Amino acid sequence: MKTIKELSIFAGISIIASFAVNYFSPAGIALVGQWDIAKGVITANEKNEIDLNNLEIGDIALAKKLYDSKKFLFVDARSRDNYNEGHIKGAVSLPVGQFDKKIEAFMEQYPAEKAIVTYCAGRTCEDSHNLAQLLLAFGYTEINVFIDGFPGWESEGYPIE
Amino acid sequence: MFLSTAFRDGNQKAIQLNKLIKTFHDNHWIELAARLILGVTFVYASYKKILAPAIFAKIIYGYDLFPAVLINLIAIIVPFLELVAGLALIIGFYPRSAALIVNLMLLVFITALSINLIRGHEFNCGCFSKGTDTQETFVGPLIFRDFLILALGLHVFFYRNVRKLCILS
């Protein structure tokens with residue numbers, strides 16, 4: 001009986017504190033996330049996340065069309081190691097984790113008017129979204145997020161290197 | 001004659017061993033050390049998860065063991081359960097129950113890790129690029145580590161003597 005009382009106290013404090021902090025914290029998340037890859041990229045729905053859904057390319061064939069038009073620069077948001085192991089042919093590497101270090105060189109090479117498609121490791125990965133958000137903040141205007149990423153591209157047999 | 005001496009000697013040894021275990025188990029310094037290590041470990045473990053619940057939620061998703069509707073709730077509540085239980089162990093507030101919570105959580109972690117180790121499920125979403133460049137996880141050592149921590153938790157839980165430095169035990 002004593003144990004049950006004590007456990008209830010701990011559970012009560014934890015639950016109240018967790019919901020209060022989650023409610024007020026800028027890093028707080030929704031009570032239910034999006035964890036179905038059939039519906040798109042998985043995410044816990046962080047509250048300060050800007051909605052980038054309208055930038056998403058959810059169709060691999062459409063991404064290929066943009067690719068074939070040669071007007072779009074494909075930017076790989078994954079780590080350098082992943083990029084070296086294989087990437088969409090002609091894509092440039094800009095790991096979102098090293099964005100601060102790499103962005104200057106990137107901006108010198110590609111003007112803000114450059115049309116960009118970001119991608120990462122598919123629908124379980126949000127890096128392409130984070131990269132898109134950062135590029136938008138740095139003045140790039142035409143940005144698309146290819147949500148099926150490298151695995152989707154590879155599975156279609158499209159050009160990689 | 002010989003047999004009974006051997007028997008008696010064995011018995012003697014068993015009694016000595018028992019005494020040793022009892023001294024070890026009833027030593028309040030050992031209990032205090034175990035409690036503090038356990039508490040600090042859990043407070044430390046909770047800290048990053050509280051700062052970045054979205055990342056923790058994705059790790060939970062990666063285990064592929066929990067229903068989608070519960071993932072965010074687990075990611076919100078569990079870190080605070082770790083924090084509260086950890087702090088309670090450090091300040092000695094209902095330490096036995098705090099140890100019980102910690103032990104139950106450790107059992108869940110060990111079970112989850114073991115299931116994925118056995119079925120060969122590895123989740124690599126390539127989504128941890130914010131920290132190090134490559135994220136490798138070795139499940140075996142993680143399970144071993146959890147068992148070590150569990151040993152401390154069980155010690156604190158089954159300890160029956162007076163506890164040092166407790167505000168409410």
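Trainee: What share of the residues of chain A count as buried?

Mentor: A residue is buried if 20 or more other C-beta atoms, placed from the backbone, lie within 10 Å of its own, exposed if 12 or fewer, and partly exposed in between. Of the 161 residues of chain A, 37% are buried. Keep in mind that this is a predicted model, where local features need pLDDT of at least 70 and side-chain atom pairs count only at pLDDT 80 or more, while totals for chains, interfaces and linings use all residues. Residues are numbered from 1 along each chain as its sequence is written, with chains lettered from A and ligands numbered from 1 in the order in which they are written.

Trainee: How many helices and strands does chain A have?

Mentor: Helices (H or I, at least four residues) and strands (E, at least two) are DSSP runs, numbered from the N terminus. Chain A has six helices and five strands, in the order α-β-α-β-α-β-α-β-α-β-α from the N terminus on.

Trainee: Which strands pair with strand 5 of chain A?

Mentor: Two strands pair if DSSP finds at least two bridges between them. Strand 1 (residues 56–57) of chain A pairs with strand 5 of chain A in the parallel sense, over two bridges, and E56(A) stands opposite V145(A) there. Strand 4 (residues 115–119) of chain A also runs parallel to strand 5, joined to it by four bridges; here V117(A) has N144(A) as its bridge partner.

Trainee: Where do the side chains of strand 5 point?

Mentor: In strand 5 (residues 143–146) of chain A, I143(A) and V145(A) point one way, N144(A) and F146(A) point the other way, and all are buried.

Trainee: What does phi tell me about K70(A)?

Mentor: Most residues other than glycine have a negative phi. K70(A) is not a glycine, yet its phi is positive, about 60°. You will find K70(A) in the loop between helix 2 (60–69) and strand 2 (72–76) of chain A. K70(A) counts as exposed because it has 8 C-beta neighbours inside 10 Å.

Trainee: And where does helix 4 of chain B bend?

Mentor: The bend at a residue is the angle between axes fitted to the seven residues ending there and the seven starting there. Helix 4 of chain B bends by about 35° at I74(B). After this helix comes G92(B), with a positive phi near 75°.
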